[in-house]
Amino acid sequence: MRKIVFALLLVCVMTEVYGQEYPFLRIDYRDTFIGDRIDILDGPKVLSKEEVYQLMQAQPEAFEKYQLAMKKQRTSKLLDGATVLTSAAVLVLSFIPPQSSSYNTRNNLLLPAMITTLGLGIASGFYRRSSRNITREAVDLYNFSEKKSEPIYFEDGLTHYRIPDFIGFQIRF
């Protein structure tokens, strides 16, 4: 009997957690070839940029932080792209044979290219971490703010349908 009561209690708690009226957003990071990508998830669904903007506009403070995070993410991607290009330049310069006429050019360009690659990589890391932290702050502001607007219904028909309470908990499809 205790197992059945415990199972029912667990089902009620999980249904209450997953049956929220408003989306509870979370963050996921993916590494790409150039930089990383910050995804905002509502459950298992990855939200598009338009959907995130639509949700975040209900909270102006969270929306400002999210826009700042997206600017920093773009800057980080630009720096990562520049790092890839300078890394390719270092690779090409390191394979120039010593008897070539451009060997002196190689010596003059290799060290600055290596230092530039290192500097761009460090700067990109700072921007990447900053964009992650600011995105996390924006999502936390959205999730834990006191005033929320009406629920938003997306076209896919799978998210955020409000169903009346049924014995103290909500059912979400």
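The lining of the second largest pocket in this predicted model divides into 7 nonpolar, 2 polar and 5 charged residues, where Ala, Val, Leu, Ile, Met, Phe, Trp, Tyr, Cys and Pro count as nonpolar, Asp, Glu, Lys and Arg as charged, and the others, Gly among them, as polar. Residues are numbered from 1 along each chain as its sequence is written. Because the model is predicted, local features need pLDDT of at least 70 and side-chain atom pairs count only at pLDDT 80 or more, while totals for chains, interfaces and linings use all residues, and side-chain values use heavy atoms, with hydrogens and water left out.

**The second largest pocket**

- The second largest pocket holds about 230 Å³ of space, and of the 14 residues that line this pocket, R37, I38, K49, M70 and Q73 are the closest to its centre.
- A pocket is an open set of points on a 1 Å grid over the protein atoms alone, where a 1.4 Å probe fits and protein lies on both sides within 12 Å along at least five of seven lines, and lining residues have an atom within 4 Å of a point; the volume is the space filled by probe spheres set on the points, which are joined across faces, edges and corners.
- Strand 2 (36-42), helix 2 (49-56) and helix 3 (60-94) each contribute at least two residues to the lining of the second largest pocket, and helix 3 gives the most, with 5 residues.

- Two strands pair if DSSP finds at least two bridges between them, and strand 1 (residues 25-31) pairs with strand 2 in the antiparallel sense over 7 bridges, with D39 in strand 2 as the bridge partner of D28.
- Strand 1 and strand 2 form a hairpin with 4 residues between them, and G35 in the turn has a positive phi of about 80°.
- Strand 2 also pairs with strand 3 (residues 45-46) in the antiparallel sense, over 2 bridges, and D42 stands opposite K45 in strand 3.
- The hairpin of strand 2 and strand 3 has 2 residues between the strands, and G43 takes a positive phi near 70°.
- Strand 2 is mostly covered, as 6 of its 7 residues are buried, where buried means under 20% relative accessible area, exposed over 50% and partly exposed in between (1.4 Å probe, protein chains only).

- A62 lies in helix 3 and is buried, with a relative accessible area of 1%; not counting residues up to four places away in sequence, A62 touches M56, A138, L141 and Y142, a contact being heavy atoms within 4.5 Å.
- The C-alpha atoms of A62 and Y142 are separated by 5.8 Å, although the two residues are 80 positions apart along the chain.
- T75, which also lies in helix 3, counts as partly exposed at 29% relative accessibility, and its C-alpha atom is separated by 7.1 Å from that of Y127, 52 residues apart along the chain.
- Y127 has its place in helix 4 (residues 103-143) and is partly exposed, with a relative accessible area of 33%; leaving aside neighbours within four places in sequence, Y127 is in contact with K72, T75, S76 and L79.
- Y127 and K77 are 50 residues apart in sequence and 9.0 Å apart in space, C-alpha to C-alpha.

**The protein as a whole**

- Among the contacts in the protein with a separation of 6 or more, 64% are accounted for by residues 24 or more positions apart.
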